[in-house]
Amino acid sequence: MKNERNHPPSALVAGAMVILAMLTGCAVLPEQSADAVRRDPAPRTADTPKGGLTPGTRKAYHRAAKAAAAAGHTLHITSGYRTAEQQRSEFRQAVRKYGSAAKAREYVLPPEKSAHVKGLAIDVGPEPAARWLESTNGRYGLCRIYANEWWHFEFSYRYARERRCPDLKPDATAAG
């Protein structure tokens, strides 16, 4: 059964779940793992409640998404601002998945080190749009940071001003 706009009910439910995730600040939908979202990201908005992304990060994303659309790409945020507790939970999940804190840290940082908690990081998708964003070399203030995470971008006014991204770090263990 479809509604008057020809959207299947499952699409409506998925859309409602995305909105619910945005309002609650969840990094991913409850039934999805972070890996699943990175493979097939659900559209998100840069706006998050209570704190959220910094105004600069939000503006940079909106400008980049508009330019991406003009270039034929649909750029989505799959994860943005996270509370310290959300980041702590992601880190604990990664420790369980990878077997040690050292290995988990290659992909997820503890809250005190995470740019997501500071409102300066976004994970984006799908991959072709992320590759397009990377090719802009900081023009919008967003740069890919880690070689092992094609989806993770961080905001800095310096990147936009210099129109240059820093060299990729191998993974999050190299984070300062």
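Q: In which part of the predicted model is the place of R163?
A: This is a predicted model, and R163 is one of its residues other than glycine with a positive phi, here near 50°. Most residues other than glycine have a negative phi. With a relative accessibility of 47%, R163 counts as partly exposed, and its place is in the segment after helix 7.

Q: Which loop holds N137, a residue with a positive phi although it is not a glycine?
A: The phi of N137 is about 50°, and N137 counts as partly exposed because its relative accessibility is 33%, which lies between the cut-offs of 20% and 50%. The residue is found in the loop between helix 6 and strand 3.

Q: What is the omega of the peptide bond from G125 to P126, and is that bond cis or trans?
A: P126 has its place in the loop between strand 2, residues 121-125, and helix 6, residues 127-135. Most peptide bonds are trans. The bond from G125 to P126 is cis, with omega near -10°.

Q: How many residues apart in sequence are the parts that the pair C143 and C165 ties together?
A: A search of the whole structure finds one disulfide, and a disulfide joins C143 to C165 with an S to S distance of 2.0 Å. C143 lies in strand 3, residues 142-144, whereas C165 lies in the segment after helix 7, residues 157-162, so the pair ties together parts whose separation in sequence is 22 residues.

Q: Is the disulfide of C143 and C165 left-handed or right-handed?
A: Both cysteines are buried, C143 as well as C165. The handedness follows from the torsion about the S-S bond, and because this torsion is about -85°, the disulfide is left-handed.

Q: Why are E162 and R158 separated by about one helical turn?
A: The side chains of E162 and R158 meet in a salt bridge, with 3.7 Å from N to O. E162 counts as partly exposed at 37% relative accessibility, and R158 counts as partly exposed at 37%. The separation is about one helical turn because the two residues are four residues apart in helix 7.

Q: How far apart are the closest N and O atoms of R82 and E90?
A: Side chains of opposite charge can pair when their charged atoms come close. R82 is buried, and E90 is buried too. The two form a salt bridge in which the closest N and O atoms are 3.8 Å apart.

Q: Which residues are linked in a network of salt bridges?
A: A search of the whole structure finds ten salt bridges. One of them joins the side chains of E106 and K103 at 3.1 Å, N to O, and K103 is partly exposed, with a relative accessible area of 34%. The network links E127, R131, E134 and R144.

Q: Is Q87 buried or exposed?
A: Q87 is found in helix 4, residues 84-98. Beyond its neighbours within four places in sequence, Q87 is in contact with residues including R82, V108, L109, H116 and V117. Its relative accessibility is 1%, and because a value under 20% means buried, Q87 counts as buried.

Q: Which residues that line the largest cavity are the closest to its centre?
A: The structure holds three cavities of 30 Å³ or more, and about 130 Å³ of space lies in the largest cavity. Of the 16 residues that line this cavity, the closest to its centre are Y107, V108, L109, H116 and H152.

Q: How many nonpolar, polar and charged residues are in the lining of the second largest pocket?
A: This pocket holds about 190 Å³ of space. Its lining is made of 15 residues, and K113, A115, K118, Y146 and E154 lie nearest its centre. By class, the lining has eight nonpolar, three polar and four charged residues.

Q: In what order do the elements of the protein run from the N terminus on?
A: There are seven helices and four strands in the protein, and 44% of its 176 residues count as buried. Among contacts with a separation of 6 or more, 58% are between residues 24 or more positions apart. From the N terminus on, the elements run α-α-α-β-α-α-β-α-β-β-α.

Technical notes:
Residues are numbered from 1 along each chain as its sequence is written. This is a predicted model: local features need pLDDT of at least 70, side-chain atom pairs count only at pLDDT 80 or more; totals for chains, interfaces and linings use all residues. Side-chain values use heavy atoms; hydrogens and water are left out. On a 1 Å grid over the protein atoms alone, a cavity is a set of points where a 1.4 Å probe fits but cannot get out, and a pocket is an open set with protein on both sides within 12 Å along at least five of seven lines; lining residues have an atom within 4 Å of a point. Grid points are joined across faces, edges and corners, and a volume is the space filled by probe spheres set on the points. Ala, Val, Leu, Ile, Met, Phe, Trp, Tyr, Cys and Pro count as nonpolar, Asp, Glu, Lys and Arg as charged, and the others, Gly among them, as polar. A disulfide is a pair of cysteine sulfur atoms within 2.5 Å. Buried means under 20% relative accessible area, exposed over 50%, partly exposed in between (1.4 Å probe, protein chains only). A salt bridge is a side-chain nitrogen of Lys or Arg within 4 Å of a carboxyl oxygen of Asp or Glu. Contact means heavy atoms within 4.5 Å.
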